[in-house]
Amino acid sequence: MREDDSMMREIAKELRGAVPVSASFDARVMANVRRLPRHSRFGLWSRLTTPRTVTVTPLSWGLLAASLVLFASLGAVHATVDLNRTSKLFTNAFFPTTAASKPDQRVQFVLVAPDAKKVSVVGDFNGWDASHVSFQAQHRGGGVWSVTAPVPIGHHRYSFVVDDSLWVVDPTAPRVVDNDYGMANSAIVVEEQK
Amino acid sequence: MEGSSDAVIVARVLRGDVEVFRVLVERYRDRYARYAFHMLGNREDAEEALQDAFTRAYRSLARCEDPERFGAWLFRILLNRCRTMGARRGRRARTFVVDEVALLEAAEEHPAEQAAWREEIDRALQRLRADQREAFLLKYVEDLGYDEMSLLTGVGVSALKMRVMRACERLRELLSEVHNA
């Protein structure tokens, strides 16, 4: 039986007609939006209210554990990722040997992005706020950007944001998928340093 | 701002200009209301799903990887909201939906006019399985290719083709008598 017969086209034609929303729709959406914090002021609110369903397969956890062992023993792991065909990004994340305070642990995030003008780290630990002052990476030369920031003990998801617009996962870390929006993030487990 | 690209508007909103978000609402609400309405079967649920999708999009705007394709990203959020609402409503109303449809059918024995034909289509659409209805709407009404549909839904192309085919078969079954009258 053919999918594209005349009856289906007739049905589709009927269904393509406009379905206007009620006159108050725009006002209702905007009222909702105004109740939310402005993006430039995102902070704790977003962290507390953004739904976060972490879905990690056993294989991912295995990779995560292996990555942590590797990070602890080598200090840094470098990898490359092809980005927009023109930029090469290299990234690593590792724990320094000392923890500044409990329960937050100081975690170093490193991204090598030669073409970047700005790099920040966003994650569930900072409300996915790319403007969070503690998570702005500094350029260390040679395209290497890094920041060391306090992260609470536990399982977290994070990503790098390049030039305020491009989200880049950490290729050295396991990825998890946000089921709501279908986007991948990197996973990290922060443990108390002995 | 009305003529600006999605990326420009998204950048403005991310810099704190909340009111500019209205341009995106005006740009996408009608087309996406159509999908939500056909998927959920009534205006109230459709507007709730769409409103929720816009609100979620605003809240997660910094996570929109390609602001130039804000519309596609928003559509994906809406598709998920419709799935969630449809499943919730299905659990709540499955026991009486069939009876309601039967009553409506009994009340209209000779739908010969265009408006009645349209009503029959809406009714038949709601009698499809949700996954088949979704695939049919994306293919025939939103006019998407199977690759795009696969990216959007996370379902393989073969499975989508099967769903569309089943949806067409069922619609023929439900509508052929009315259509030929």
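Predicted model: local features only at pLDDT ≥ 70, side-chain atom pairs only at ≥ 80, totals over all residues.

Guide: Start with contacts inside chain A. Chain A holds four helices and ten strands. Along the sequence the order is α-α-α-α-β-β-β-β-β-β-β-β-β-β. Chain A has 194 residues, and 31% of them count as buried.

One strand shows such burial. Strand E10 of chain A spans residues 184-190. E10(A) is mostly covered, with five of its seven residues buried. Its partner here is strand E7 of chain A, residues 154-162. E7(A) and E10(A) pair in the antiparallel sense, over five bridges. In this pairing, Gly154(A) stands opposite Val190(A) of E10(A).

Now chain B. Its secondary structure comes to eight helices and zero strands. The pattern along the sequence reads α-α-α-α-α-α-α-α. Of its 181 residues, 39% count as buried. Take the contacts in chain B between residues at least 6 apart in sequence: 62% join residues at least 24 apart.

Next, the place where the chains touch. Chain B brings 41 residues to the contact, and chain A brings 35 residues. On the side of chain B, these elements give two or more residues each: helix H1 (6-14), helix H2 (21-40), helix H3 (43-59), helix H4 (70-107), helix H5 (114-126), helix H6 (130-141) and helix H8 (157-180). H2(B) gives the most to this side, with ten residues. By class, the side of chain B that touches chain A has 20 nonpolar, seven polar and 14 charged residues.

H2(B) is the part to look at closely. Begin with its neighbor across the contact, helix H2 of chain A, residues 25-35. H2(A) and H2(B) pack at an angle of about 140 degrees. Their axes are 10 Å apart. H2(A) passes H2(B) in a right-handed crossing. From H2(A), the residues in this contact are Phe25(A), Asp26(A), Val29(A), Met30(A) and Val33(A). From H2(B) come Phe21(B), Arg22(B), Val25(B), Glu26(B) and Arg29(B). By class, the contact of H2(A) with H2(B) has six nonpolar, no polar and four charged residues.

H2(B) also packs within its own chain, against H3(B). The angle between H2(B) and H3(B) is about 140 degrees, and their axes lie 8 Å apart. These two helices are therefore oblique to each other. Their crossing is right-handed. On H2(B), the contact is made by Phe21(B), Val25(B), Arg29(B), Tyr32(B), Ala33(B), Ala36(B), Phe37(B) and Leu40(B). On H3(B), it is made by Arg43(B), Asp45(B), Ala46(B), Ala49(B), Leu50(B), Phe54(B) and Tyr58(B). The classes here are twelve nonpolar, no polar and three charged residues.

Conventions. Residues numbered from 1 in each chain as written. Chains lettered and ligands numbered in written order. Contact = placed C-beta atoms within 7 Å. Nonpolar A, V, L, I, M, F, W, Y, C, P; charged D, E, K, R; others polar. Buried ≥ 20, exposed ≤ 12 C-beta atoms within 10 Å, placed from the backbone. Axes fitted to C-alpha atoms, helices over the stretch in contact; angles between N-to-C directions. Left-handed = near helix turned anticlockwise from the far one by under 90°. Parallel < 35°, antiparallel > 145°, perpendicular 65-115°, else oblique. Pairing = 2+ DSSP bridges.
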